[in-house]
Amino acid sequence: MTGTELTLDELRRVLREVAGADENVDLDGDILDTPMEELNYDSLALLEACGRLEREYAISLDDALDSDHTPRSLIDLVNRRVAARV
Amino acid sequence: MSTAVVVTGLGVVAPNGLGTANYWPAARVGKNAIGRLSRFDPGRYPSKLAGEIHGFAAEEHLPSRLLPQTDRMTRLALVAADWALADAGLDPRDLPDFDMGVVTASASGGFEFGQNELRRLWRQGSQYVSAYQSFAWFYAVNSGQISIRHGMRGPSGVVVSDQAGGLDAVAQARRQIRKGTRMIVSGGVDASLCPWGWVAQMAGGRLSTHDDPAVAYLPFDARAAGHVPGEGGALLILESADSARDRGARVHGEIAGYGATFDPHPDTGRGPALARAIELALADAGADAADVDVVFADGAAVPELDRAEAEALNAVLGSRAVPVTVPKTATGRLYSGAAALDLATALLALREGIIPPTVHIEPDERYGLDLVTGQPRVATLGTALVIARGDGGFNSAMVVRSVS
């Protein structure tokens, strides 16, 4: 079933599934504005996460990695694309 | 005069033991680890046996970040590297990045990971293929992941020469240490026990089709009819003898000599070149044939290859002059892990003065070899010769020596 809104908890689930979680990072903490690099997710981990989000939300995130992201900016981007879905 | 290079750490991941403390007691008594494949159902294939590593739970040894991006062989290699570093008493965080390198051998890369991604590609579409496929399949990925994990930025690489790779990689590591790198993680770990890997190996025409582990893989036996594949291998920590001494490290032994040759084209009629590789290794070690106390043979279990190996050993060392053993009869042939595990086994044998046996075989006397079978043999051992050959014509030989 296609997702309708990405939440932080959902993003946490996706990240854990596609890229695991760093032992020194508290993914369940206040991470909304933490850069992905600081959460120890490199570009490949994000590529993998975006691929999963593309499929689950039926959107394109081809340009997502053109800029650095925090969980907040990625969630906003996904939900904007979902809203623009025809 | 070239710098002496020694082994200060061992990390073993083998079908008959995870970790040296489990592996050596099993190898010493020739405990069989070959059985019917359980990782996938081999029912439709003519070859059904393998040396599998059971009970390896990667999540118990590795951080979750590494799991989605690693094939089984890389997980095993990362754990073997951890164990080798611990055995050497080395913490990579204590050494400058460019003082440490990684040179491993690989014969198949990440086959199972690649097979799963191919399945996704064809069943679901390209969007479902993992981004990690970009490196998880690649032959150099074990070197890469070990290097990244531990910040080892010195000379690194991969050697791909089928089952000779384990010796070739260690030889390359020795070269780099002689050029000035302080420490190199070397050896090889392979794991391709998946349907795609299986059909690839069967296509090579060398796999045994016997269903009984007791008669499936019989090198130097009149009944030899191919080998049984296995997974795993060993990683070794190499440093200069001076570096080891300066930090008071325990030394397993010295990589004293190495030789490698490539067989000429069959049409030339010049015959295989293994004897020359052995001679080169002995010369490199400054050793005579009489110095060799034990041979860890390649043990291909293909009659022409067994004959070639026996002829080379007899020509250089003298018939029945030296005990010969093939401990990989208990594990199967481990591809890039085979010779690395043989090196580790040779070092353990030298330390304890025990030659682990070749299992299952009834030696064919026509080969003229003194094969250690049944029971381990107690002996005074100072120098071991390890032989490894790769499909296509690779011949490698390495001399390892005790260090007093």
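Two residues are in contact if their C-beta atoms, placed from the backbone, lie within 7 Å. Keep that cut-off at hand for this tour of a predicted model.

**Stop 1: chain A**

Select chain A. Among its contacts between residues at least 6 apart in sequence, 64% join residues at least 24 apart. Now colour by secondary structure. Chain A holds three helices and zero strands. Read from the N terminus, the order is α-α-α.

Along the principal axes, the C-alpha trace spans about 40 × 25 × 20 Å. How does the radius of gyration of chain A fit a compact globule? A compact globule of 86 residues would have a value near 12 Å, and chain A has 12 Å, so the two agree. As for burial, 26% of the 86 residues of chain A count as buried.

**Stop 2: where chain A touches chain B**

Show both chains. The contact draws 13 residues from chain A and ten residues from chain B. On the chain A side, select helix H1 (8-19) and helix H2 (43-57), which each supply at least two residues. Which helix gives the most to this side? H2(A) does, with six residues. Colour this side of chain A by class: five residues are nonpolar, three are polar and five are charged.

**Stop 3**

Move to chain B and select Asp162(B). Asp162(B) sits in the loop between strand S6 (157-159) and H6. Check the backbone here. The phi of Asp162(B) is positive, about 50 degrees, although this residue is not a glycine. Is Asp162(B) buried or exposed? Asp162(B) is buried, because 23 other C-beta atoms lie within 10 Å and 20 or more are enough to count as buried.

**Stop 4: helix H6 of chain B**

Now show the surroundings. Twelve of the 14 residues of H6(B) are buried, so this helix is largely enclosed by the rest of the structure. Pick out some of the buried ones: they include Gly165(B), Leu167(B), Asp168(B), Val170(B), Gln172(B), Arg174(B) and Ile177(B). Then step past the end of the helix. H6(B) is followed by Gly180(B), whose phi is positive, near 125 degrees.

**Stop 5: Ala249 of chain B**

Select Ala249(B). This residue is found in the loop between helix H9 (241-246) and strand S9 (253-262) of chain B. Ala249(B) has 19 C-beta neighbours inside 10 Å, so it counts as partly exposed.

What does Ala249(B) touch, leaving aside its neighbours within four places in sequence? Ala249(B) is in contact with Thr8(B), Ala88(B), Gly89(B) and Ala244(B). Draw a distance to Ala88(B). The C-alpha atoms of Ala249(B) and Ala88(B) are separated by 6.9 Å, while the two residues are 161 residues apart along the chain.

**Stop 6: Arg320 of chain B**

Finish at Arg320(B). Look for it in the loop between helix H11 (303-317) and strand S11 (323-325) of chain B. Arg320(B) is not a glycine, yet its phi is positive, about 55 degrees. Arg320(B) has 15 other C-beta atoms within 10 Å and is partly exposed.

Key: Residues numbered from 1 in each chain as written. Chains lettered and ligands numbered in written order. Predicted model: local features only at pLDDT ≥ 70, side-chain atom pairs only at ≥ 80, totals over all residues. Helix = DSSP H or I, 4+ residues; strand = E, 2+ residues; numbered from the N terminus. Rg over C-alpha atoms; globule rule 2.2 N^0.38 Å. Nonpolar A, V, L, I, M, F, W, Y, C, P; charged D, E, K, R; others polar.
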